[in-house]
Amino acid sequence: MTQGAWGGGAVRAGATRADDVRRAERLGSMASVALSEAEKVYIVHGVQEDLRVDGRGCEDYRCVEVETDVVSNTSGSARVKLGHTDILVGVKAEMGTPKLEKPNEGYLEFFVDCSANATPEFEGRGGDDLGTEIANTLYRIFNNKSSVDLKSLCISPREHCWILYVDVLLLECDGNLFDTICIAVKAALFNTRIPRVRVLEDEEGSKDIELSDDPYDCIRLSVENVPCIVTLCKIGYRHVVDATLQEEACSLASLLVSVTSAGVVTCMRKVGKGSLDPESIFEMMETGKRVGKVLHASLQSVLHKEESLGPKRQKVGFLG
Amino acid sequence: MAMEMRLPVARKPLSESVGRDTKKHLVVPGDTITTDTGFMRGHGTYMGEEKLIASVAGSVERVNKLICVKALKTRYNGEVGDIVVGRITERRRSAEDELAMRGFLQEGDLISAEVQAVFSDGAVSLHTRSLKYGKLGQGVLVQVSPSLVKRQKTHFHDLPCGASVILGNNGFIWIYPTPEHKEEDAGAFSANLEPVSLADREVISRLRNCIVSLVTQRVMLYDTSILYCYEASLPHQIKDLLKPEIMEEVVMETRQRLLEQEG
């Protein structure tokens, strides 16, 4: 375990081919379970017949529970449970200076913490590799002009902007981490309230930033174009959506497709030791687009339903 | 394709939904159970300062003069004669071991066995000295808390719905298709890797979801409760049994039937 953690650290400095292979192998089996050959055969045959172990079809998701505004001292937060996978995301908006190459925009910073609560493999530095990998994937997904309107985060060009620190906490891991994390990030961004500020210039030209007195006077981000990831795991000759830990152990290759609500693919990544032939990739991408559209529609309706309940809704939180 | 997103619902305390008249006496470690010294102390209790104190978190059970505390959620404590289902995680690496065993058992394999002896540190030694034990073939494993598996005369059940189940005392439940030729397959060390039929798969998946529902509602697992739950779940689709409200409904019906059967 410690060797793996050091291998992950070395990637930053100057990665060797061996380090890359080792890292890819470890990520191919993130938080894994041991299965016997007979169990794997049973799962693989079941998938071919479109009847998974828990009775779902290949394109069915487990029940998802979404709740926003669970952490009080953040600008926005969300908790998402998919089966036993439990993710908590908090967004904090802080003022800072814009990046040199993009002076008219704010930006997002992602940090993923794989808590040791999720699985014993994450004890100590064990979860760091996975955390960095998820954070890098999130950076890639959001690294385009249309996902989040970064210009709305600008306060005064070249001087002040809003930086959104998005912190993801893995509480429990039961397969399908990327999908759940993206749903939670989207819900948390939907819930984010950034205080409205005004820039006042006085006669000498020095600028002052004034915060509005009303605590409810906020600007909200538009999350229409925030994409969601759909993970498709190749098992045997077919692919499944929302794989459990056991199903992930039977799959040698997976495709992560990041889809917007309009069905547009923003980025795609393959993980795992196995290979995928181009026809499979095309099929999986089509499934990802189809499933992604339905996912976005469900998420939008749940978030709007929650908002329509108003501030008097009964919060369930962690002790519900 | 099915996709369902919902808002979380607060859990209802179980006693409300069950409608139990007598409330359980719940204790946590360190709680005084009674100051009456006439009682004999059973599992989960110890004597300290002239009173009986609980050492585990659970409910107090009294049988005449014996008081014990039944823990709600425990690690498995082995007893001689228990049936367990286990997964091989590590093995001794010696030359004879390599030659003899590796052909039969690999790391990751599941076996059913009986507890032969318990060591003082809690470790157990197992034996598979009967044809009904041995390596397990194709099927589904469900892991539950050991406290939910009821102690019975036999833990191997061939359910009339078409599948068989092994209720390991350690909380590992193994569901598998009933083998047609019992004499050949039982205890064999080479697993049958032929595809299981779709009908059998449906029964196994349904049983798996039923067991998970019973466990979320904290109902004791034994052949009758699993069977009643299976029958109560038949009107629903297998994947609908994963939804919380359908789980509650099915388990409620199972509880009713179990109460009627007792009374």
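Colleague: Which strand of chain B holds Lys70(B)?

Modeller: Bear in mind that we're looking at a predicted model here. Lys70(B) sits in a strand that covers residues 66-71 of chain B. That strand is β8.

Colleague: Is Lys70(B) buried, partly exposed or exposed?

Modeller: Its relative accessible area comes out at 34%. Buried needs under 20% and exposed needs over 50%, so Lys70(B) lands in between, as partly exposed.

Colleague: Where in chain B is Arg218(B)?

Modeller: Arg218(B) has a relative accessible area of 35%, so it's partly exposed. Helix α4 covers 198-216 and α5 covers 223-233. Arg218(B) falls in the loop between α4 and α5.

Colleague: What's the phi of Arg218(B)?

Modeller: Most residues other than glycine have a negative phi. Arg218(B) isn't a glycine, yet its phi is positive. The value is about 60°.

Colleague: Which loop of chain A holds Asp50(A)?

Modeller: Asp50(A) is another non-glycine residue with a positive phi, about 60°. At 35% relative accessibility, it counts as partly exposed. Its loop runs between α3 (37-48) and β1 (64-68).

Colleague: How far apart are the end C-alpha atoms of residues 139-179 of chain B?

Modeller: UniProt lists that span as "domain: K Homology", in an unreviewed entry. In the model the span is 0% helix and 44% strand. Its end C-alpha atoms lie 11 Å apart.

How values were computed. Residues numbered from 1 in each chain as written. Chains lettered and ligands numbered in written order. Predicted model: local features only at pLDDT ≥ 70, side-chain atom pairs only at ≥ 80, totals over all residues. Heavy atoms only, no water. UniProt positions renumbered as here; feature names shortened; annotations may be inferred. Helix = DSSP H or I, 4+ residues; strand = E, 2+ residues; numbered from the N terminus. Buried < 20%, exposed > 50% of the residue type's maximum accessible area, 1.4 Å probe, protein only.
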